[in-house]
Amino acid sequence: MLKNYVAPILFLLCFCFSHSQKTSDNQYLPKDIEALEDYLEQINSDYIKRIDGSHASKIRKIFKNRDEKVLESINDSVYIFNDDINIYIDSILSNIYKANPQIDNTNYKFFVNTSFIPNASCYGDGMFEIYLGLFSTLSSDDEVAFVICHEIAHKLLDHPLDNVTNVISTINSKETKKKVREIKRQKYGQTRAALSVIDELSIDILDHSKETEAQADSLGFVLFSKTIYNKYKALSALSKLQRDDDMLLSHNIRVDSIFNFETYPFKPFWLKETVSIFDTDEKINEFSLDSDTLKTHPEIEFRIEKLKSDFSIISTDSSGQENNMRLLINLANLKMIESAIDKKNLDIAIYQLVELFHNKRIGSEYYHITMASVLKQIYNAKKNHELGKYIPPKSKFSDEKQLNKIRLFLHNLELGETKKMGLAFCKANKDDLMAEDNGTEIFKFFKSINQ
Amino acid sequence: MKKLSVILLTTIFCLSAFAQQKSLDEITSFRIKNSGSFMDKNNDVDGYYFYYEVDKLKKGKREYAIKMLDNNLNDIATKSYIDDKNTILAQSKFNNQALMFAMINIKEKFYKLVTFDKSGNQGKDIKIDVSKKDVRWLSMMMKSGNFNLLFPVDDNGFLFNYTKNNKKMGYGLKYVSTNGGESWDYNSPEDANQLMFLNPIEANEKVVVAIESSKKSALSNTVNMKIVVLDINTGKKLFEKDYNRDDNPRLITNAFLTEEKNLVLLGEYFKKGKNIVKDKSEGLFAQVVDMSGNLISDVKADWENTINKLMPADSNGKKKKSTYVYFHDVIRTQNGSYYAIGEKYRKTVSLKGTLLTGRIGSGMTQLTITDAVFFEFDKSFNLKEIHKIEKGKSRAPNLADFGSPQLNAHALKTFGAFDYEYTQIDKDRDRFYAMFIDYERLKGEKNKLAFKAVMYNDGELSQDKIYLEQSKGRVSFRVLPAKLGHVMIVEYNKKEKTLDIHLEKLNI
């Protein structure tokens, strides 16, 4: 049992030395990219080789394309290769493998996606993804371990191949081909008839996908319950993901007070909306399919209840392995901010900065210098007429109300106003900015453009 | 950012992630017929539409899809619409209460007005039977650029302006109320012995102001103008003011209704007997009339004594007598001052044309268009200043050598020869944005094509610029109208074959 704690302690030691709010630049490329590319090609090619049966060539092509997409994503800075985060994930994996020696993890590799969305995925060939957003949504090692067990279960049950095979064989089934032939013979209403067929196929495919999710929950829980982690945390992990189903970014962002300065007060028209052509709360689509409203994942409530009944879980024991996770959350948050800024997702960067600052997860100096740097980027993007390339407009149908508010504000701001606001922000937080070279530099920048 | 593939934009929109199978995909491809924007009288864009043909139905019918985006480019609705196979969507407008689409069917000979309320429900269609000749004339009038087919009256209704074949070609103006008021028609006399056209240019909850133009035949260059003011609740004529060639020839560019309930008319005035299309004007005027048609004031700024004295020299430092100004718009700001927006032009010999034919005088002249000019007038229409906005020269071959420069300028305007694009007016913030295309000739650098916005804010004019090519031509840009103070940038990367569409605020 003692051995089970070695990896987390090692992780903790490494982490304590390296952790501070002054994070290093995000590492979007691995130390040895060629070795990683070779590895990915190898596992992909091994995986593809064992695909046989009907439609094998089509299925192989899909997996081949997937591999190419992953390679492109690495070069597009979709992943980060951070030692601290990798050590943390390895420490959890080590506990899972130890408790489940039957898992052949020879080709397993976990990549860390910089997205703020709480998610994880299994590619089938040995590659897995853990999203940074998972660390800010979940709050204990136990919960992260359950999510990882769920993904490993997908791999053990060969779900990625199963899902793709199901899609290809459904689309290419005799029944579907017959329906397509009949539609082509129709003189009138071909498109509507074809849409109806697509809808039927989509519902079948989504039903199958839901089944595989429930299977992964079950096997994942079996794997998880053998580990040192608190098995009841499987339920809390799922319920935290449910909480974020509708709105991922739910912290109230008071734009009108954050950007209100004595030297440059907030102007109400920065939050003024334009008249919309329709007053509806939902998008109108008279060509929508029933399958459009179905979700890939079964409702989380249903999954929680299923787990409870299948495994007779009744306790809500709150103990667990939380220490490492607490430290990692801060690192993950800083990495998400850096990544958002690097990708020019400045709306998300503002949201994360404000949320973390209000919750006292980042210090005043880091907050003010980083926010000033975001304002400088907003100014430059506006000057070059490219803000709209990086920050989507407000959408009345989006559940992300807080993000919408920031987007409306950023798009309503004019270049001259951004310039003045940047200076007002720097003046109001002069002490924090002057404490660092880059803060001083940003202050100088806003002074110079306001002359 | 809206990242769309070229194929997506021009032919289909995605229906399902599983529509991978080619045959199913082919069947469900929506064929695009046309697209456009919902633009109001201030050139403010309320949204965008795409008109697709979806399905063939029985009895020559088709199912169409009208996809609508809001003014932030968010997909907001896709409505099904069933009509005849030859029905085309000509124009669409929004009046804060409803959307109206003007449909035209040449073969079946009808116009149709289709409305959707704010909940997206389709109202009762209005069908107007016409002749093929009417539709041909309508098409010609729309191409001329000075013709508002649909004119939204904010929070009240829509005006549908169309050609109507009487003894000679005439007009019909149909008002459709969207606030429960009366709908009406106002048509030209059926026995009129002149060609008559109407163009509504201003309307509010009380009146409609329209310019009625008339000429004896299609080839005649003598056009007489009249201002017609109608009661919006009844369609009854309140008064008209005649600006005919014999007594008081005027070319009216714009009209405004003031808070004092007066009508302000702006444009160019001419000597008695002069032709407003082909003669040089005497100057600019601002005329104020009350709602009974009584003249309150008529202030003029003439070329000789007023304008020429303030006219800045051309970019080469010279003032040429043969340089004229083509006025595109006259704007009235909220503080009562006026800005007349124009471009300088002159008739020159085309060296290229002369070399090609070896002689001068046979279609070998051109219009050389130079700087943009903004005439600033105070509340009393006293000319205060002429602001020159430097611009590269553009040249357009004249349509006829024998005509006056003015006649050629009017003709070339309809072919888009001038660099002026459009002006947006923001009444809430008392601003306007005048857009031009500029071919910058830079010393020591390759010439650059730029989209240039001249903006009025806080009593000052400033400029913003977007170059239309980057990375040695690998990335090209098109700049299109968008909501007030914004432009829609369509960015095409030739190498990566990607198309990015995004809205950007003009920089003030």
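Strand 5 of chain A, residues 284–285, pairs with strand 5 of chain B in the parallel sense, over 2 bridges. Pairing here needs at least two bridges found by DSSP. Strands are DSSP runs of E with at least two residues, helices are runs of H or I with at least four, and both are numbered from the N terminus.

A word on the source. This is a predicted model: local features need pLDDT of at least 70, side-chain atom pairs count only at pLDDT 80 or more, and totals for chains, interfaces and linings use all residues. Residues are numbered from 1 along each chain as its sequence is written, chains are lettered from A and ligands numbered from 1 in the order written, and side-chain values use heavy atoms, without hydrogens or water.

Back to strand 5 of chain B. Which residue there is the bridge partner of Ile284(A)? Ala77(B). Ala77(B) is also the bridge partner of Met68(B). The hairpin of strands 4 and 5 of chain B has 4 residues between the strands. In that hairpin, Leu73(B) takes a positive phi near 70 degrees.

Is strand 5 of chain B mostly covered or mostly open? Mostly covered: of its 10 residues, 75–84, 8 are buried. Buried means under 20% relative accessible area, exposed means over 50%, and partly exposed is in between, with a 1.4 Å probe and protein chains only.

One more strand in chain B. Tyr175(B) sits in strand 12, residues 169–177. Tyr175(B) counts as buried because its relative accessibility is 3%. Its C-alpha atom is separated by 8.0 Å from that of Ile232(B), 57 residues apart along the chain.

Now salt bridges. Side chains of opposite charge can pair when their charged atoms come close. The cut-off here is a side-chain nitrogen of Lys or Arg within 4 Å of a carboxyl oxygen of Asp or Glu. How many salt bridges does the structure hold over all chains? There are 36.

Take Glu143(A) and Lys240(A). Their closest N and O atoms are 2.7 Å apart. Glu143(A) is in helix 6, residues 141–156, and Lys240(A) is in helix 10, residues 233–243, so the pair ties together parts of chain A that are 97 residues apart in sequence. Glu143(A) has 0% relative accessibility, so it counts as buried.

Next, a pair within one helix. Asp310(A) and Lys306(A) meet in a salt bridge at 2.9 Å, N to O. Both lie in helix 12 of chain A, residues 300–311, 4 residues apart, about one turn of the helix. Asp310(A) is partly exposed at 41%, and Lys306(A) is partly exposed at 30%.

In chain B, look at Lys391(B) and Asp419(B). This salt bridge has its closest N and O atoms 2.7 Å apart. The pair links distant parts of the chain, 28 residues apart: Lys391(B) is in the loop between strands 25 and 26, Asp419(B) in the loop between helix 6 and strand 27. Both residues are buried. Then there is a network: Glu414(A), Glu417(A), Arg429(B) and Arg431(B) are joined by salt bridges that share partners.

Two non-glycine residues with positive phi, both in chain A. Ser312(A) has phi of about 50 degrees. It lies in the loop between helix 12 and helix 13. Ser312(A) is exposed, at 57% relative accessible area. His385(A) has phi near 55 degrees. His385(A) is in the loop between helix 15 and helix 16. Is His385(A) buried or exposed? Buried, because its relative accessibility is 7%.

Last, surface charge. Patches take residues with over 30% relative accessible area and no salt bridge, joining like charges within 9 Å and nonpolar side chains (Val, Leu, Ile, Met, Phe, Trp, Tyr) within 5 Å. A negative patch includes Asp32(A), Glu34(A) and Glu68(A). Helix 2 of chain A gives the largest share, 3 residues. Glu68(A) is in helix 3 of chain A and is partly exposed at 40%. The positive patch has Lys187(A) and Lys132(B) among its members. Helix 3 of chain B, residues 132–144, gives the most to that patch, with 3 residues.

Technical notes: Areas by Shrake-Rupley, 256 points an atom, 1.4 Å probe, with all protein chains shown as cover. Lys, Arg positive; Asp, Glu negative; His and termini not counted. Charge placed at Lys NZ, Arg CZ, Asp CG, Glu CD.
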